[in-house]
Structure formats: C-alpha cells, structure tokens
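Subject: Structure handover

Hello,

Here is the structure for your files. My notes on the sheets, the salt bridges and one of the pockets follow below.

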Amino acid sequence: MTDVLISGAGVAGPTLAWWLRRHGFRPTVVERAPALRDGGYKVDVRGAALTVLDRMGLLEQARRHDTGMRLARFVDASGAQLATMDAALFGGREGDDAELMRGDLARLLVAATGDVEYLFGDSIATLDPAADGVDVTFAGGGRRRFDLVVGADGLHSTVRRLAFGPAAAHLRPLGHHIAICTVPAEFGEERVELMHPAPGRTVGVYRTAGAPDARALFLFPSPAEEPDHRDLPAQRAVLARAFEGAGWRVPELLAAAADAPDFYLAPMSQVRMDSWSTGRVGLVGDAGYGPSPASGQGTSLGLVGAYVLAASLAEAGGDPVTGFAGYERRMRPFVTANQLLAERNLKGMVLSSAAQIRFQTLMLRLMPRMPGRERMIRRVTEPIRRAATAITLPDAPAATR
C-alpha cells in the first residue's frame with residue numbers, strides 16, 4: 001500500500017486524502033494548527049468542483065450550509081445607500097453553485113475522512129528524498145518515511161519552499177492585499193454584504209443567515225514592505241495605515257480587527273510554477289497554483305486538483321513520475337483558465353477613482369430597468385461559468401459511482 005503524507009487540512013488536503021483512500025492508498029494529513037481552523041470567508045464551489053463534491057456524497061450537505069446571501073448593498077462614507085447588486089451578479093452566482101463558509105466546508109471534508117490519520121499541531125521541518133521514498137522530519141521531533149509527499153498547505157506552503165525553493169520565485173503579486181476577520185454581528189446586515197468603495201480601497205462586511213457574528217474584508221494597495229505572515233501586530237499596523245482617514249464605519253471595523261482572533265492578511269498573489277512536482281513530492285491547490293481570492297476559484301481548484309491528482313496517481317499505480325505528469329497534463333489548462341479570472345475581477349473589486357465609483361454605482365442602479373437585463377447578467381457571469389467547467393474529470397472509482 002502506498003503511504004502518502006499530505007501537508008495541510010484545509011480544503012485540498014482532506015479532499016485528496018478522501019480520494020486517495022478510495023483508490024487504495026494510505027494517506028496521512030499533517031496540520032500546523034492544533035485543531036481544525038474555523039475561520040475564513042465565504043467560498044464558492046462551481047462547475048467541476050460541484051461534481052467532485054457530488055461524487056463524494058457531500059453536495060447536499062454543503063448546500064445545507066449555504067450562506068443565504070441575497071444581495072450586496074453599496075454605501076458611501078456617511079452610510080447612505082449608493083446601489084444594490086443581487087445574487088445573480090454577486091460573485092457570479094447563477095443558482096447552480098454552492099456558497100458556504102470555508103470553515104463549514106473544511107469540517108465536512110475532515111468528517112468524511114474519519115479513517116484517515118491526522119497529525120494536528122505539527123508540521124514538516126525537513127524533506128529528505130530517496131530513490132524509494134521521502135524521509136520526513138516533523139517540527140515536533142518525529143521522523144517517518146513516506147512513498148509520496150504532497151503539499152496542500154496554501155500560499156505560504158512549507159512543502160513548496162522545502163522542495164522548490166524560496167516563495168518569491170513562484171509568487172506573482174497582483175498589487176493588492178486582502179485582510180479578513182470576524183467582527184461583532186452588529187456590523188452586519190443578515191444575508192447582505194455591505195460594501196464601502198473608496199478610491200483605491202474597498203471594505204466589505206456581511207452576516208450569513210443565522211450567524212452569531214459578521215465577517216469583514218479589506219482590499220487595498222500592497223504596502224512597500226511586506227510584513228511577515230506570522231507577525232500579526234505588524235500586519236494589523238499595515239491595515240490601519242492603509243485605511244487611515246477612511247469614512248463609514250471603517251474606524252470601528254479596524255478597532256474590531258485589532259482584537260479578532262482569526263485575523264488574516266495576505267498579498268493578492270497567484271502561484272505560478274513550471275511544474276507542480278519534483279521526484280516524489282507534489283503540490284495541490286493554492287500551494288501549487290493559487291489563483292488568488294480575486295478569482296473566486298481557489299476552493300474549486302483545490303477540490304478539482306485533489307480529485308485529479310488522486311485519479312492520476314491511481315492510474316499510474318502510485319508511480320510518481322507517471323502520476324504527477326498525468327495530473328499536470330489534465331489540470332494545467334483548467335488552472336490557466338481560472339487564474340485568468342483574477343485580474344478581470346479585481347478591476348471591479350477595487351476602483352481607482354471617484355469617477356469610476358460613480359459610474360459603477362450608476363450602472364447598478366439602472367440595471368433593474370434596463371432592457372435585456374438577463375442577457376447582461378449572462379454576459380457578466382459567462383466567463384466564470386466557462387472557466388469553472390473547463391475540464392473533463394477522470395472517472396471515479398467504481399465503489400463511489
């Protein structure tokens with residue numbers, strides 16, 4: 001039986017473990033956090049990724065966790081409404097996707113892999129490849145040999161750094177940073193995303209159906225110096241400087257962010273690599289081809305990538321050379337199509353001038369009365385739908401069909 005170590009218990013890691021187990025492999029998942037992470041933002045699952053969840057028997061459970069979001073409401077510095085945007089356009093939703101909180105999806109996936117070994121509160125310290133395996137030293141002091149190692153550990157992937165070198169060589173910045181965190185429910189309006197656009201920076205707050213709290217999002221131009229991703233005080237200071245003098249409820253939101261236990265700040269960057277494997281080590285999801293939050297497709301890429309990688313390794317009988325090559329051949333066009341969405345979407349998420357904001361809100365106000373509204377919605381959402389379905393999935397193992 002082939003032993004596979006997976007680094008990361010987010011979305012791609014547990015999904016890969018589930019499918020590897022069904023293909024007869026023996027996966028182990030190591031996760032730096034001491035327990036499953038509950039934080040995060042709402043995520044969309046679209047196109048081929050819905051098929052993956054369906055084949056896992058988890059699609060209906062995922063839909064039961066739907067955020068129930070109805071619309072986005074745009075407000076000015078005084079809180080006055082500028083325009084609204086309904087769910088047909090919000091994030092490209094067309095009614096056939098699933099939108100749920102990242103933490104809810106992660107819990108579903110981990111619960112489905114009940115027979116998989118999880119090592120919480122530990123991480124990979126070193127990788128020592130050999131001809132017939134990879135010797136792994138863990139930060140906690142343990143040492144084990146695995147046939148294969150897969151990094152599913154996100155934008156700041158430890159596996160990618162150890163196997164492929166410094167992160168800077170593989171990250172393509174998009175010029176903006178994103179910060180997200182939990183804030184008190186009083187800041188949100190149930191099932192509505194409140195958006196405050198200002199030249200060069202955007203703030204959003206939403207509260208999903210029945211949620212006891214709200215989530216805040218901040219988008220702003222990247223600072224001249226990037227704070228270390230482990231230095232939370234420095235990250236919070238960067239955010240405060242970026243939104244100094246902002247109106248609406250931004251000062252209150254910044255104060256709430258200063259105390260938020262799940263505060264997260266990162267550059268809006270894409271991971272671009274010529275290859276997602278070297279020897280017996282491979283990458284999946286954001287670690288190998290993160291499209292950035294601006295694409296809206298990171299979760300779907302992680303689900304599909306995990307499914308395709310497991311199928312390709314199974315077809316190759318566990319051989320890493322053949323298995324990883326088949327995985328890249330199938331996934332590369334799909335990844336490219338979805339990464340291309342990011343810059344297109346980012347232009348509408350952060351507007352550079354007051355004139356652009358006035359034009360955008362005017363168009364949103366006029367849209368309900370425009371002839372051909374449904375055609376316009378399809379035109380906006382079609383690139384997202386096309387990218388989300390730009391792959392033919394391999395067949396699932398017979399036992400899961």
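A residue counts as buried at under 20% relative accessible area, as exposed at over 50%, and as partly exposed in between, with a 1.4 Å probe and protein chains only. By that scale Arg 107 is partly exposed, with a relative accessible area of 36%.

The model is predicted, so to speak of a local feature takes pLDDT of at least 70 and to count a side-chain atom pair takes pLDDT 80 or more, while totals for chains, interfaces and linings use all residues. Residues are numbered from 1 along each chain as its sequence is written, and side-chain values use heavy atoms, with hydrogens and water left out.

Salt bridges

A salt bridge here is a side-chain nitrogen of Lys or Arg within 4 Å of a carboxyl oxygen of Asp or Glu. Over the whole structure the search finds 22 of them.

Arg 107 has such a bridge with Asp 104, with 2.1 Å between the closest N and O atoms. Both residues lie in helix H4, three residues apart, which is about one turn of the helix. Helices (H or I, at least four residues) and strands (E, at least two) are DSSP runs numbered from the N terminus. Asp 104 counts as buried at 16% relative accessibility, whereas Arg 107 is partly exposed.

Arg 73 and Glu 189 meet through their side chains at 2.8 Å, N to O. This pair links distant parts of the chain, 116 residues apart: Arg 73 is in strand E4 (residues 71-75), and Glu 189 is in the loop between strand E12 (171-184) and strand E13 (192-198). Arg 73 is buried at a relative accessible area of 19%, and Glu 189 is partly exposed at 28%.

A salt bridge also joins the side chains of Arg 249 and Glu 252, at 3.2 Å from N to O. Arg 249 is partly exposed at 25% relative accessibility, and Glu 252 is partly exposed at 39%. Finally, a network of salt bridges links Lys 42, Glu 99 and Glu 193.

Sheets

Strands of a sheet pair through backbone hydrogen bonds, either parallel or antiparallel. In these notes two strands pair if DSSP finds at least two bridges between them.

Gly 204 stands opposite Leu 217 in E15.

Another open sheet has three strands in the order E8-E9-E10, and its pairing is antiparallel. E8 (124-130) and E10 (143-146) are at the edges with a single partner strand each, so one side of each has no neighbour in the sheet. The twist averages 20° from one strand to the next. E8 pairs with E9 (residues 133-138) over six bridges, and Thr 126 has Thr 137 in E9 as its bridge partner. Ala 125 is also found in E8 and is partly exposed, at 34% relative accessible area. Its C-alpha atom is separated by 30 Å from that of Arg 329, which is 204 residues apart from Ala 125 along the chain.

Helix H2

In H2 (residues 48-55), the buried residues include Ala 48, Leu 50 and Leu 53. Just after H2, Gly 57 takes a positive phi of about 75°.

Second largest pocket

A pocket is an open set of points on a 1 Å grid over the protein atoms alone, where a 1.4 Å probe fits, with protein on both sides within 12 Å along at least five of seven lines; lining residues have an atom within 4 Å of a point. Grid points are joined across faces, edges and corners, and a volume is the space filled by probe spheres set on the points.

The second largest pocket has a volume of about 300 Å³. Of its 19 lining residues, Met 101, Asp 104, Ala 211, Asp 213 and Arg 215 lie nearest the centre. H4 (102-112), E14 (201-207) and E15 (213-221) each supply at least two residues of the lining. The lining divides into six nonpolar, six polar and seven charged residues. Nonpolar covers Ala, Val, Leu, Ile, Met, Phe, Trp, Tyr, Cys and Pro; charged covers Asp, Glu, Lys and Arg; the others, Gly among them, count as polar.

Regards

Terms used:
Axes are lines fitted to C-alpha atoms, for helices over the stretch in contact, and angles run from 0 to 180 degrees between N-to-C directions.
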